[in-house]
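Visitor: Could you take me through the terms used for some residues here, and set each value against its definition?

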Amino acid sequence: MLPSSFTFPIRHRLAIVFLCVALCLAGAYAVFSMPSSIFPQTNFPRVVILIDNGVMPGNEMMATITRPVEEAMKDIPGVRTIRSKTGRGSAEINVFFDWKTDMVQAELFVQGRLATVQKSLPATATSAVWRLTFAAFPVIGISLTSPNHSLTELWETARYTLQPRLLRIPSVARTGIVGGRAPEYHVIVDPLRLQAVSLSLSQVSDALVKNNLIVPTGMLEEDYKLYLTIVDGRVHTIEDLENLTVSASTPGIVQAPATTQPIATASHPIRIKDFARVERTQEPAFNVVTANGINAVLLNVYSQPDGSTLDIANQLKQELTSLKQNLPADMKVQVFYDQSLLVGDSIQSVWEAIILGLILSVVILYVFLKNWGTTLIAAIVIPATVLVTFLILRIMGFGFNLMTLGGIAAAIGLVIDDAIVVVEAIHAKLQQGADRLDAVTQALAEIFRPLLASTLTPVVVFIPLAFLDGVAGSFFRALALTMVVSLLTSLVLAVTLIPALASWWLSTPKHLAHQPKLSETSAPYSQNHKAASWFESLSERYEKTLRIALKQAKLVLLGCGLILALGIWLYGRLESEFLPFMDEGGFVIDYHAPWGTSLTETDRQLRQAETILRAIPELESYSRRTGARLALGFGHFAGAQGRFFGQIKSRSSAQNR
């Protein structure tokens, strides 16, 4: 008498099949809604504080900004160490925490401490706080170039046309503009005329700040309506700025120096145009950015921590297609970096592994069992396991990345193994002449314990990886949990769905339908079954080889020992790295000119390097940043350092060319 647990899949087969179909449909929906990225979401225990203060000397930055901020951060709970880099006009303070610290709360602590110390910092200092995650690095880079438009016009197009459209894309956290020149109005004062009207530069500066603003003056109730009254003193054109009043003059004539004409000051205000001229120009240059050798403006697109890189890339390309129709004809928008290509290739490779494994399992099952029913059952259970695994991962908050996809690809072999073992056991019972339902229950009773042990063995091996600390724990936690989920899912479906389907689709072979049942000790295949002759021949050869090995047991053990020693010797000489080599189809070149080299001289030298790069036939495109930050996009670096980023032509594009 078999336990009732082994007859459970048969008694409730309709409910099991219905539940599996529902889970597979939910898994298929989860596949299209799962976020995609290169690496799993990781909260590194690091908060970065970036402070910009124009062109203040490095020693003054250290004394007045960096050191007070460092001292304010030290008493935050969980802080391990603080490191900083200070240069001309910029400071970067890195606050490192323990891996067990809640980084969202830690970021709030840092912002609170910074707000406290902000009052003692120079009024011109601006700051930004970033919690370091993979979302701090751009997923897509776009270049905007034009041979006929100035850098100011390119910056305005990027800031007021491209950036708002890109920010509308779901899952886009922010866009950073690198390069270009923001427009500015310069008031060029004539010192002699300024002295003639008895004014100082500080008075002019105060007048520009205090008068160029909008102020609400209160409410006005009239004609049954309530009006908000404001005083708008903002300037919009050069003429407005030239007519801005700085001071009211005293009656009389102020005699200017001999080099100028007398200035009448009787009963009229003194305006900017009386002692200065106004020009529309651009902000000072702290960096140089090029794309394919042309001065450019770069837009870095950043994803939200749980955003989907593939979705962002697809929608961004659609936005760019519509934007190109509204831009001037000579403005060129080009994607110079696309992280979604690597993510898409990873997802495609996993699906190829799943499909290839499914095809091979179907072929092997049919070759050995010669039964389409068993083959069809295995072909259904394998993708069902993958879909249910995707559903569970989505519920757990995981997405598509190198770790989860790698875990699924690595677990495909074990998933197929569980399905084949159960299907083959049921088929063997049918070959022995057992009835269909009896064959299912007997096979399940015989293989349940070995199947459970073989599945739980890799599970207990991978479970400890989920509890690692540090960077390794962040990466391998996703890999370990993915494999554990897929293995346990395959085990559950192997002992529920396969018996349920087998009780419907499998039947006793025709040549055994009218023969008496064979005993349990009978050979699984009939001697008269011609289809199994080649398999029996293979079994006989294996038996002979095994007998020889058993007779020479000492030599076999000695050979295994030599192989083990060779493995240990090779292990000590293998190179080690955290992640395997990945070819994104691009390269990065960091460069450093001697300290103190001007931005103009560094740019002149790098123009020669760009000439060499453009001569490489395999190069698709490249961009250069000199004095510009790559990731966080705040502040500026010294003009003596920067980075090239190049994109190599794909094989398909190279062949088309």
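**Loops and a surface patch**

Guide: Y224 sits in the loop that joins strand 8 (214-222) to strand 9 (225-232), strands being DSSP runs of E with at least two residues, numbered from the N terminus. This is a predicted model, in which local features need pLDDT of at least 70, side-chain atom pairs count only at pLDDT 80 or more, and totals for chains, interfaces and linings use all residues. Residues are numbered from 1 along each chain as its sequence is written, and side-chain values use heavy atoms, with hydrogens and water left out.

Visitor: Why is Y224 called exposed?

Guide: The relative accessible area of Y224 is 89%, and exposed means over 50%, buried under 20% and partly exposed in between, with a 1.4 Å probe and protein chains only, so Y224 is exposed.

Visitor: What makes the phi of Y224 worth a remark?

Guide: Phi of Y224 is near 65°, a positive value in a residue other than glycine.

Visitor: Why is N292 called partly exposed?

Guide: N292, in the loop between strand 15 (288-291) and strand 16 (294-303), has a relative accessible area of 28% and is therefore partly exposed. Phi of N292 is also positive, near 55°, in a residue other than glycine.

Visitor: Why is I364 called partly exposed?

Guide: I364 belongs to helix 10, and because its relative accessible area is 44%, I364 is partly exposed.

Visitor: Which element gives the most to the nonpolar patch?

Guide: Helix 10 does, with 7 residues.

Methods: Helix = DSSP H or I, 4+ residues; strand = E, 2+ residues; numbered from the N terminus.
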